[in-house]
Amino acid sequence: AGWQDLVRLSWRLQSESILANGYAESIQLVLFHPQASHSAYAEGPPDAADFSIRAPHPTVQLLREVDVLQAVKSYPGADLIPSRNKTRLRSLGLDVCAEKLAACTRGTGLRR
């Protein structure tokens with residue numbers, strides 16, 4: 001499945017499972033995908049920062065809101081983590097980030 005397919009699936013999960021059952025204030029969905037992009041329509045030049053939301057395989061994480069809030073409160077500067085990650089990935093560059101992602105499945109018999 002492509003990145004946009006996973007995004008559409010997440011909307012459906014949000015609507016049919018989380019919102020319909022009253023969990024909007026309790027659960028967060030977080031998506032990771034080999035072609036994930038921070039840009040809604042993957043417009044603009046490739047950006048190494050997109051690797052902060054990439055994974056070797058399409059992944060949907062369900063996070064309990066209470067756990068996320070507790071983690072954020074217990075870690076000073078937690079709100080800065082996303083921007084630091086993007087800065088770090090941009091400093092590594094696209095080629096290095098792509099190679100590190102590809103290495104996650106190399107030799108495992110799994111393909112993306």
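Just after helix H3, Gly93 adopts a positive phi of about 95°. Helices (H or I, at least four residues) and strands (E, at least two) are DSSP runs numbered from the N terminus. The structure is a predicted model, in which local features require pLDDT of at least 70 and side-chain atom pairs count only at pLDDT 80 or more, while totals for chains, interfaces and linings use all residues. Residues are numbered from 1 along each chain as its sequence is written, and side-chain values use heavy atoms, with hydrogens and water left out.

Trp3, Leu6, Val7, Ser10 and Ile18 are the buried residues of H1, where buried means under 20% relative accessible area, exposed over 50% and partly exposed in between (1.4 Å probe, protein chains only). These buried residues pack against strand S1 (27-32) and strand S2 (59-64).

Trp3, Leu6, Val7, Leu31, Ala36 and Ile53 form the largest nonpolar core, a core being a set of buried Ala, Val, Leu, Ile, Met, Phe, Trp, Tyr and Cys residues joined through side-chain atoms within 4.5 Å. The charged end of Arg54 sits over the ring of Phe51, 4.5 Å from its centre; the criterion is NZ of Lys or CZ of Arg within 6 Å of the ring centre and within 35 degrees of the ring normal.

Beyond its neighbours within four places in sequence, Trp3 is in contact with Leu31, His33, Gln35, Ala36, Ser37 and Ile53. His33 lies in the loop between S1 and S2 and is buried, because its relative accessible area is 1%. Residues up to four places away in sequence aside, His33 touches Ala1, Gly2, Trp3, Leu6, Ile53, Arg54, Ala55 and Pro58.

Val30, in strand S1, is partly exposed, with a relative accessible area of 23%. Val30 and Gln61 are 31 residues apart in sequence, yet their C-alpha atoms are 5.0 Å apart in space. With residues up to four places away in sequence not counted, Val30 touches Thr59, Val60, Gln61 and Leu63.

Terms used: Contact = heavy atoms within 4.5 Å.
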